[in-house]
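Here are my comments on the model under review. Please read them alongside the coordinates.

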Amino acid sequence: MKILVPLNIPDTGIDLLKKEGLKVTKWTKDLPMTKEELYKAAAQHDALLSTNNYKLDAEFLKANKHLKIISQYAAGYDNIDIVEAKRLGIPIANAPNSMTDATADIAFALVLAVSRKMFYMHKTIAKDEWRHFRPQAHLGIELKNKTVGIFGLGRIGLEFARRCKGAYGMEVRYCNRSTNREAEEELQAKKVSFNDLLEQSDIISVHCALTPDTKHKFDANAFKKMKSSAIFVNTARGQVHNETDLIAALRHGEIWGAGLDVTDPEPMKADNPLLSMEQVAVTPHIGSATLEARRQMSVFAARNIIAFYKGEPIPYPVS
């Protein structure tokens with residue numbers, strides 16, 4: 001069985017595949033494969049250990065219906081046409097819970113950075129604008145006893161809530177399809193409607209999957225319902241918020257600040273207005289960028305393929 005790994009991921013999972021006697025072709029260049037390179041390489045392999053750099057749409061899947069399994073080097077899989085994969089009988093798997101702590105940390109760090117305008121104030125030093133003490137300039141806000149609202153209270157959202165509750169005694173509100181009993185018992189979290197989440201929260205953090213229902217969920221109407229003192233944080237997928245509407249909401253003072261690890265589009269252009277705003281912090285989709293998380297992602301993605309190869313149940317199936 002020949003496995004294509006079209007991005008230079010950590011060898012922790014690659015070594016597991018090779019230990020099982022599987023043949024691995026790993027792309028070692030810094031830039032991802034072109035579409036043409038991916039199609040040509042995939043045609044010569046039995047399985048794909050992919051990443052969300054690649055759009056595995058109906059066209060790709062039909063052209064590569066010989067693939068026995070696709071295992072995603074990520075928790076998210078919105079780059080894959082799941083319906084078409086299921087129709088073609090190609091199992092799809094992912095690597096959930098491998099970057100839970102790393103992503104929760106980034107979300108928490110963005111809240112801190114926005115609340116104290118850290119990114120903007122750092123730039124003032126780089127521009128040689130640090131002069132004298134100014135008692136009423138560039139003031140931030142404190143986080144103690146605020147209310148945090150979480151949109152999508154899964155593993156990452158729960159870890160983020162734990163940080164907010166533990167560090168600052170925040171009240172936890174969440175909007176979810178299902179009730180999270182663990183969060184309610186441990187953190188006294190309260191499940192609320194989407195409108196109540198918008199209206200009650202001092203901080204809103206997005207931790208949901210990107211679906212037709214969540215795409216642009218945070219638009220002009222949503223931002224208007226938020227507190228003018230609120231901070232919006234998104235570490236899930238950029239398309240969950242409407243970036244044009246977010247920029248307008250910040251400019252008009254409808255919300256206080258924003259912290260983003262995901263944008264729409266990605267990469268963000270250097271002239272994006274968000275990058276020059278005082279109460280905004282943006283990072284380049286680095287939620288899983290720790291040694292531990294990236295290695296674990298590699299292992300989880302490899303385990304899916306190994307289990308399939310051995311005829312065992314896939315540990316992290318999507319479809």
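1. Basis. The model is predicted, so local features need pLDDT of at least 70 and side-chain atom pairs count only at pLDDT 80 or more, while totals for chains, interfaces and linings use all residues. Residues are numbered from 1 along each chain as its sequence is written, and side-chain values use heavy atoms, with hydrogens and water left out.

2. Record annotations. UniProt, in an unreviewed entry, lists "domain: D-isomer specific 2-hydroxyacid dehydrogenase catalytic" at residues 8-318. That stretch is 38% helix and 13% strand, with its end C-alpha atoms 23 Å apart. Helices (H or I, at least four residues) and strands (E, at least two) are DSSP runs, numbered from the N terminus. For residues 108-287 the unreviewed entry gives "domain: D-isomer specific 2-hydroxyacid dehydrogenase NAD-binding". Here the content is 33% helix and 15% strand, and the end C-alpha atoms lie 11 Å apart. UniProt positions follow the numbering used here, feature names are shortened, and annotations may be inferred rather than shown by experiment.

3. Helix H5. Helix H5 covers residues 100-115, and its 16 residues should span 22 Å at 1.5 Å a residue; the expected span is 1.5 Å times one less than the number of residues. The end C-alpha atoms of H5 are 23 Å apart, which agrees. Twelve of the 16 residues are buried, so H5 is largely enclosed by the rest of the structure. Buried means under 20% relative accessible area, exposed over 50%, and partly exposed in between (1.4 Å probe, protein chains only). Among the buried residues are Thr100, Ile106, Phe108, Leu110 and Ser115.

4. H1 against H12. How do helix H1 (residues 11-19) and helix H12 (residues 291-310) cross? Their axes come within 6 Å and cross at roughly 25°, the axes being lines fitted to C-alpha atoms over the stretch in contact, with angles from 0 to 180 degrees between N-to-C directions. H1 and H12 are therefore roughly parallel to each other (angles under 35 degrees). The contact (heavy atoms within 4.5 Å) includes Ile14 and Leu17 of H1 and Val299, Ala302 and Ile306 of H12.

5. Gln188. This residue sits in the loop between helix H8 (181-187) and strand S8 (190-191). Gln188 is partly exposed, at a relative accessible area of 47%. Leaving aside residues up to four places away in sequence, Gln188 touches Lys165, Val172 and Ala183. The C-alpha atoms of Gln188 and Asp271, 83 residues apart along the chain, are separated by 42 Å.

Note on methods. Angles under 35 degrees count as roughly parallel, over 145 as roughly antiparallel, 65 to 115 as roughly perpendicular and the rest as oblique.
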